[in-house]
Amino acid sequence: MLSSAALRQWRCWRPPAALPRTLSTAPLQEPAEPRMVSAVPGPKSTKLHTELSKMQSMDSVHFFADYDRSFGNYIIDVDGNTMLDVFTQISSVPIGYNHPALLNAFNSDSALRALVNRPALGVYPGADWVDQLHNVMMSVAPEGLDQITTMMCGSCSNENAFKLMHFKHMEKERGGRAFTEEEMQSCMINQAPGTPDLSVLSFHGGFHGRTAASLACTHSKYIHKVDVPLAQWQVSDFPRYKYPLEEFQRENEAEDERCLAMAEDVITESRKTGPIITGVIVEPIQAEGGDHHGSNRWFQGLQDICAKHDIVYLIDEVQTGGGPTGKMWCHEWFDLKESPDIVTFSKKMLTGGLYHKKDLRPKQAYRIFNTWVGDPGKLILLDAVLKTIRSENLLEETQKAGSVLLDGLVDLQNRFPSLLNSARGRGTFCAVNCDSGARRDSILNKLRELGVHAGGCGEAAIRLRPALVFKQHHANIFLQKFEDVLKTL
């Protein structure tokens with residue numbers, strides 16, 4: 001029991017009129033160009049990694065960053081190296097480092113309290129949560145998708161999207177009846193009929209996450225999957241085009257038809273031999289798997305196949321969503337008859353989640369659920385990002401910068417045909433292949449020595465994932481550094 005003195009203190013307590021601000025307001029400026037003062041990783045990064053390794057196995061770390069000093073399109077490491085960042089935390093930085101709109105997003109007491117008092121949104125949402133979903137998330141919802149569920153990351157977004165696919169199929173199978181006692185009991189030990197033999201069709205080269213079901217649909221690198229027991233779900237071919245596209249139109253059209261026929265055959269066969277496919281998951285651009293693109297015909301054809309077989313069409317926009325292709329959603333480029341049934345997202349959207357059609361709503365509570373089901377603090381940041389995209393016309397700017405970037409990559413591959421090939425991209429979401437994986441790795445290391453931080457994907461591709469504030473002059477800086485490296489090879 002509280003003492004009388006403690007009770008008096010509690011009754012007299014009032015929240016402060018203004019919470020103290022500790023964030024420095026000193027203005028930062030974007031560097032004019034890269035500046036290197038040491039190798040990467042430098043001595044400070046190396047020392048920090050040694051200390052980290054005592055507690056954690058994370059040999060994937062490239063270097064340690066100084067996020068107090070990084071700004072705009074430039075990341076600065078702890079050794080003071082200033083690098084033009086065209087990889088941006090694996091495509092997850094929307095408007096550059098330390099953008100004032102984001103630094104100021106938590107200036108209000110209400111925003112700070114949303115950050116501190118993180119709610120279990122599925123059971124105790126705050127009074128402003130409906131407005132946040134409507135004003136922020138639904139303001140960029142793909143046309144025709146009026147349902148939104150926020151999540152924490154791309155993997156759990158896809159996992160829960162798979163559940164919606166299976167729920168819809170089983171609801172149809174049951175004819176709307178209630179669960180039987182046998183279904184409720186058998187599912188507790190992962191047995192039929194409560195645990196049905198269902199699957200999701202995915203594609204070679206795809207990446208959809210590292211949790212169990214999403215990993216079963218991932219086919220990009222063995223290191224993601226080896227030693228992990230996973231469901232034996234079906235996989236089909238994603239088109240592999242010849243470049244330049246305009247020179248291989250007939251061959252690439254035939255590739256589309258081959259892959260569409262294979263996908264439909266796999267779906268049809270699943271009805272006979274199982275597991276029964278309830279939906280298809282596909283990336284607009286297979287990013288992690290090698291930046292493989294599909295044509296409008298490919299994505300339209302997949303949608304037609306899904307409609308024909310009454311299964312769910314899911315487009316995974318975790319990497320492509322949020323504007324890097326020059327549209328808010330990459331699938332907007334595909335001239336689909338209607339929106340996909342589900343669109344998942346994360347990365348540049350700062351929160352994970354899924355948009356979906358109303359007919360996929362589960363009928364029972366707790367079917368799509370976890371402790372947090374998202375984070376209001378992330379929506380506060382996303383609101384600032386979306387307002388910046390609109391006020392600074394960043395989608396249009398991304399298309400302009402992307403044109404410079406892609407034209408430059410095409411020019412370089414024409415001048416260095418023994419080193420580069422297959423330049424491709426939408427917006428600044430660009431890539432080019434090297435003649436080998438070893439060559440790609442060497443080029444990335446040499447670029448970093450010159451102050452450019454880029455990334456790789458697939459067997460031999462260099463992928464570019466700049467922020468939406470990446471302008472045409474940044475593209476020219478990158479292209480000049482890239483040319484400098486190629487001249488040394």
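Visitor: In which loop is Phe369 found?
Guide: This is a predicted model in which local features need pLDDT of at least 70, side-chain atom pairs count only at pLDDT 80 or more, and totals for chains, interfaces and linings use all residues. Residues are numbered from 1 along each chain as its sequence is written, and side-chain values use heavy atoms, with hydrogens and water left out. Helices (H or I, at least four residues) and strands (E, at least two) are DSSP runs, numbered from the N terminus. On that assignment, Phe369 is found in the loop between β11 and α12.

Visitor: What accessible area do Val123, Tyr124, Tyr366 and Phe369 have together?
Guide: Patches are made of residues with over 30% relative accessible area and no salt bridge, like charges being joined within 9 Å and nonpolar side chains (Val, Leu, Ile, Met, Phe, Trp, Tyr) within 5 Å. Accessible areas come from the Shrake-Rupley method with a 1.4 Å probe, and for residues only the protein chains shown count as cover. Val123, Tyr124, Tyr366 and Phe369 form a nonpolar patch on the surface, and their accessible area together is about 460 Å².

Visitor: Is Asp237 buried or exposed?
Guide: Asp237 forms a salt bridge with Arg258, the closest N and O atoms being 2.8 Å apart. Buried means under 20% relative accessible area, exposed over 50%, and partly exposed in between (1.4 Å probe, protein chains only). Arg258, at 36%, is partly exposed. With a relative accessibility of 19%, Asp237 counts as buried.

Visitor: Which residues are linked with Lys471 in a network of salt bridges?
Guide: Lys471 pairs with Glu397, their closest N and O atoms being 3.8 Å apart. Lys471 lies in the loop between β16 (461-464) and α15 (472-486), whereas Glu397 belongs to helix α13 (residues 394-415). The network links Lys471 with Glu396, Glu397 and Lys400.

Visitor: Within what arc do the buried residues of α2 fall?
Guide: In helix α2 (residues 43-53), the buried residues are Ser45, His49 and Leu52. They line one face of the helix because, seen down the axis of α2, they fall within an arc of 60°.

Conventions. Arc of directions from axis to C-beta. Salt bridge = Lys/Arg side-chain N within 4 Å of Asp/Glu carboxyl O.
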